[in-house]
Amino acid sequence: MPPTSRSRAAFDRARRVLPGGVNSPVRAFKAVGGVPRFIARGQGPHVWDVDGNRYVDYVLSWGPLIVGHAHPEVVRAICEQAGLGTSYGAPTEAETALAELIADMVPSVEVVRLVNSGTEATMSALRLARAFTNRPKIVKMEGHYHGHADHLLVSAGSGVATFGLPNSPGVLPAVAQETIVIPFNDLEAAEALFERVGDQVAAVILEPVAGNMGVVPPQPGYLEGLRELTRAHGALLIFDEVMTGFRVHLGGAQALYGVEPDLTTLGKVIGGGLPVGAYGGRREIMELVAPEGPVYQAGTLSGNPLAVRAGLVTLELIRQPGAFEAMVRRAERLAQGMVRIAREAGLPATGHQVGTMFSLFFAEGPITTYADAKGSDTDLYARFFHAMLEAGVYLAPSQFEAAFLSTAHTDEIIDFTLEATAQAVNRL
Ligand code: KE4
């Protein structure tokens, strides 16, 4: 059992001054139990905790670190920029360069606004969609997460949803009721909803590949169906690619599946580990954003040169010939290997891998909806998580999250992880 005394002491100290001892809930290990590891440093595919234990990291700050921890070229760019100043509150050419690169890589994006988080990106995109369509309602998918803006912290209303219910105290019913929640991968539910209230819907927002229920891909034809349905009813289609962007494909899920949304939200990878979010789309929609148009959105540190430089270097590194394809091949080998090993140990296991992100569910499958994902054995996942932690592998501390690869996860790292999996499943 690796030592955790310093993490435990750090956690006790943190809980005295931070809610739950953390600055984001999932980090507290509530879904898997045990002591959250306090991290001292990261390098490449590894992180070390304050007790000196080394782990192969598949959380990668929940996606951003697609070139691994402390990549020398990212560090150099940040250090260079820091010496020139960290933020000016004035335009810089670097943020134009990042916007141009995003527009070049993401098929549906012509114009983009940089913000500081995925939450800001989705919150702003939905305000813009309501302004562009002059309609009040937004539609989201059960089990999808788009950040913590009030109107997105909503659960399915009773019966066949025509209104949402707050899923957090502090969210007003009046706000939640303008959000409609429908099941993912159920085109009939979307069609039925549009039949009823389609003329009030400003936008449908979804994770084109779900990552926040574990990785769950769209069923064949689903994205195309939503594209046709929203277009037919004058609603916007918003792909929340904060997680899938530059991870399931260099152009995001919209490039992988060939379905172009009206607006796209981004984050994580484009900041290379520093705070950046973005939303973008066709010029006719984005030109409504202040100061060009009337839709207000602003941010003190939006597009700050430090984060933008880290993002630019990160995107250039994964665009290197062969880099992305190598990551995908390793993600495939890892996900398939983990499922095979779990099944050989007599465990129910289903694996989903799309591009450089994957999940292992302890369930027979198929898993196509949030209800399916919730039916998996989350207790077994928690035991597996800790067995892997003890074997030196840091997976997502929740079944309902994705695991991520980086360019630093070499074939040797994959071999190590599969060996750790074999050890772990035989200790469950
Ligand atoms: P942030 O505000 O956390 O930068 O982004 C919100 C967000 C928006 N859209 C999608 C698809 C997302 O996955 C996220 C954030 N992802 C979570 C992980 N599931 C971040 C981890 C956390 O909350 O600590």
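Is Lys268 buried, exposed or partly exposed? At 24% relative accessibility, Lys268 counts as partly exposed, where buried means under 20% relative accessible area, exposed over 50%, and partly exposed in between (1.4 Å probe, protein chains only). The model is a predicted one, in which local features need pLDDT of at least 70 and side-chain atom pairs count only at pLDDT 80 or more, while totals for chains, interfaces and linings use all residues. Residues are numbered from 1 along each chain as its sequence is written, and side-chain values use heavy atoms, with hydrogens and water left out.

Lys268 is found in the loop between S11 and strand S12 (277-281); helices (H or I, at least four residues) and strands (E, at least two) are DSSP runs, numbered from the N terminus. Its backbone also deserves a look. Phi of Lys268 is near 50°, a positive value in a residue other than glycine. Asn185, in the loop between S8 and H6, likewise has a positive phi, of about 65°, although it is not a glycine. Asn185 is buried, with a relative accessible area of 13%. Pro291 lies in the loop between helix H9 (283-286) and H10, and Pro366 in the loop between S14 and helix H12 (370-374). Most residues other than glycine have a negative phi, and most peptide bonds are trans.

H6 and H7 pack at an angle of about 10°, their axes 10 Å apart. That makes H6 roughly parallel to H7. Axes are lines fitted to C-alpha atoms, for helices over the stretch in contact, and angles run from 0 to 180 degrees between N-to-C directions; those under 35 degrees count as roughly parallel, over 145 as roughly antiparallel, 65 to 115 as roughly perpendicular and the rest as oblique.

Helix H3 (residues 93-105) also has a buried side. Its buried residues are Ala94, Glu95, Leu98, Ala99, Leu101, Ile102 and Met105. They cover an arc of only 160° around the axis, which puts them on the same side of H3. On the other side, Glu93, Glu100 and Asp104 are exposed. Strand S4 (111-115), strand S11 (263-266) and helix H10 (305-318) pack against the buried residues of H3.

Helix H11 (residues 323-344) and helix H14 (residues 411-425) pack at about 15°, with axes 10 Å apart, and are therefore roughly parallel to each other. Among the H11 residues that meet H14 is Leu334, which is also touched by Phe358. Phe358 is found in strand S14 (residues 357-361) and, at 3% relative accessibility, counts as buried. The C-alpha atoms of Phe358 and Leu334, 24 residues apart along the chain, are separated by 8.9 Å.

Note on methods: The arc is that of the directions from the helix axis to the C-beta atoms. Contact means heavy atoms within 4.5 Å. Lists of a residue's contacts leave out its neighbours within four places in sequence.
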